[in-house]
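Me: I am new to reading protein models. Can we go through one together, in short steps?

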Amino acid sequence: MDVSPDKQNIESLFSNKTYYIDFYQRQYKWNEVPVHRLLDDIFYKFEIEYKTHSDKDIELEQLIDKYSWYYLNTYVTNTIEGRLYIVDGQQRLTTLTLILIKLKNKANEYSSPIEDWISSKIVGLSGYKKEFWMNHEHHKETMQGLFDNKSLNDIDTSSGITAQNMVKNYTVISRWIEEKLNNIKKFEHFVFYFMKRLVLVNLNVEQTDVPMVFEVINDRGVKLKPYEILKGKLLGQVSKEELEHNDLNTLWDKKVDVINAYGEDEVDDFFMYYLRAKYVDKVSESKKIDRKNYHRAIFDSPVDLMLSHNPSGVKEFLKFSFTYYANLYEKISGYYHEPNADNIHIYYNGLNDMDHQFMLIMSACKVNDPMEEEKIKKVSKEVDRLYTMLQLQRSYDSNDFNAAMYDISKSIRDEDDLSKITQVFSDKLLELLGKSRGSLVAKSFDYLYFKDAGNELNKRFKRYFFARIEQFIADETRMNMKHSLYDLVANTGSVNGFHIEHILSYNNENLALFNNDEETFEYERNRLGALLLLKGRDNISSSNETYEQKLKSYANTLYWNETLREDTYKSKLDFTSMIRKY
């Protein structure tokens, strides 16, 4: 391995080299916190030196040599066919460029003769063309707008998150410099200090060593996300020409951006579920593939996609498996976050936090699967049925259920027979029911185990159970839901959130109905049939009412609650028709 260290100040760093952003690098994602930290470090040292030297009667160009130097860390580059790519350090170098742009604009405001000097450290001639030394190729319009000191509201940031963060951080830098450098003398001292006394070390590495260097740097503290490391380890094996010809970098970024739109670093969940779906057979193996370490596990057992030192394998993986399953995950995520009538069970499972469905659907589907839609519907419905039947019969155990997910995944992997998928879930249901009861079980539902289910059930599931009843009544009576499923199940807010309500309050009148037998009273009032859902404030207001008073509280609430009231059945043909039908 060949590493060439080179100590540089800002003046030499940005002088005659154009820095291209390597595919390893993230978009420019620094926010106000690291920008403040960098400015604080720079100005803290400068203020000490300025206080010591600023009153000396020496030419500034000579005086600046008396200022102590300050180390700004290392950045890593590699050169491919005459182009200098940044492997690590883009965040810091981009921020330094933004500082230079602000200093250039401030010099113009002061009519300082050093404006041209500063400009030359931002833009210069690369061959016959003018280029920004920090060459964010897709965001040049934003950089030009900042360079030209346009109104920030008029600068185009439509090219993406990098452009947006450039403008946000330029605002932070502007405020800082306006406050700290409020006279021309201090301003010019700072510019010389910034140019001459801030030091970075450049490590230039060979292309073949970049993936290894990249991961080592990350492990030593420059923390990247697992999917960013994986990108480097995969794409780093493919030549620049093939990357550009196949547009693999764009392919990767587009899929990652779309998936991450559903949640911060959601793509880490995608890779975790994909690898578990296709390569994990039991729960003990899954621990090696979580969202923090899958980028290593992908090159090791039990996974090992044979992608190490295999550029042709990497290209094949990205074009086919990665593309297909990323698209599939995106589709499932859409149904997960917004109810879709044709795939409603995915949304149901989401309400119950049944995220294993991502793994199971990807397990059942093959690349470019012609039965994809049928499998999505089948698997998501079976997950809902399995979980619900276990809950209602008080046979749910989280550890056993988690282990069952991997047994099912193994059994339905790439399976095209939908009836077999149904059978796998049904067999697992009977197995889990039997384990809970300590005996063999022949039927999936037994009223004996259901009749006592009630308030001890999982809180989210109880709300889900009543929400499904509410939706059933609304559908069968051709009425609109009064509240969304999300509000009924998942919203815990005091305004729109719903809570479990006891139909029978704990009071002497109700206790007397059970011969003052407190044990029987508690048993009966906690069964599912004696519970319902009420909005937060309604629930509080009816907490200790008699039954007759509660009936008044249930008017104009949920359809299920209103079935306790006689007036619900008067002159409502759809309602009575539903009763006859079922």
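Reply: Start with a cut-off. Buried means under 20% relative accessible area, exposed means over 50%, and partly exposed lies in between. Keep in mind that this is a predicted model.

Me: Is glutamate 372 buried or exposed?
Reply: The limit for buried is under 20% relative accessible area. Glutamate 372 has a relative accessible area of 11%, so this residue is buried.

Me: Which residue pairs with glutamate 372 in a salt bridge, and which helices hold the two?
Reply: The closest N and O atoms of the pair are 2.5 Å apart, and the partner is lysine 331. Lysine 331 is partly exposed at 28% relative accessibility.

Me: How many salt bridges does the structure hold?
Reply: Side chains of opposite charge can pair when their charged atoms come close. A salt bridge here needs a side-chain nitrogen of Lys or Arg within 4 Å of a carboxyl oxygen of Asp or Glu. The structure holds 33.

Me: Which residue does lysine 102 pair with, and what parts does the pair tie together?
Reply: The partner is glutamate 178, with the closest N and O atoms 2.8 Å apart. Glutamate 178 lies in helix α7 (residues 161-180) and lysine 102 in helix α4 (residues 90-110), so the pair ties together parts that are 76 residues apart in sequence. In short, the helices are α4 and α7.

Me: Which residues form one network with lysine 102?
Reply: Look for salt bridges that share partners. They join Lys102 into one network with Lys106, Glu109 and Glu178.

Me: Where do aspartate 265 and its partner lysine 225 sit?
Reply: These two form a salt bridge, with the closest N and O atoms 3.1 Å apart. Aspartate 265 is buried at 13% relative accessible area, while lysine 225 is partly exposed at 27%. They are 40 residues apart. Aspartate 265 is in the loop between α12 (248-260) and α13 (266-279), and lysine 225 is in the loop between α9 (210-219) and α10 (226-235).

Me: Now the whole chain. How many helices and strands does the protein chain have?
Reply: Count the two kinds of element separately. The protein chain has 30 helices and ten strands.

Me: Why is the protein chain called more spread out than a compact globule?
Reply: The globule rule gives 25 Å for 582 residues. The C-alpha trace spans about 100 × 55 × 40 Å along its principal axes.

Me: What share of the residues in the protein chain is buried?
Reply: The accessible surface comes to about 27,800 Å², with 48% belonging to carbon and sulfur atoms. Of the 582 residues, the buried share is 52%.

Me: Is tyrosine 19 buried or exposed, and which residues does it touch?
Reply: Tyrosine 19 lies in strand β2 (residues 19-21). Tyrosine 19 has 0% relative accessibility, so it counts as buried. Leaving out residues up to four places away in sequence, its contacts include Tyr75, Trp133 and Phe14.

Me: Is leucine 513 buried or exposed?
Reply: Leucine 513 sits in the loop between α25 (508-512) and α26 (518-525). Its relative accessible area is 61%, so leucine 513 is exposed.

Me: What is the phi of asparagine 73?
Reply: Most residues other than glycine have a negative phi. Asparagine 73, in strand β3 (residues 70-80), has a positive value instead. Its phi is near 90 degrees.

Notes
Residues numbered from 1 in each chain as written. Predicted model: local features only at pLDDT ≥ 70, side-chain atom pairs only at ≥ 80, totals over all residues. Heavy atoms only, no water. Helix = DSSP H or I, 4+ residues; strand = E, 2+ residues; numbered from the N terminus. Rg over C-alpha atoms; globule rule 2.2 N^0.38 Å. Buried < 20%, exposed > 50% of the residue type's maximum accessible area, 1.4 Å probe, protein only. Areas by Shrake-Rupley, 256 points an atom, 1.4 Å probe, with all protein chains shown as cover. Contact = heavy atoms within 4.5 Å.
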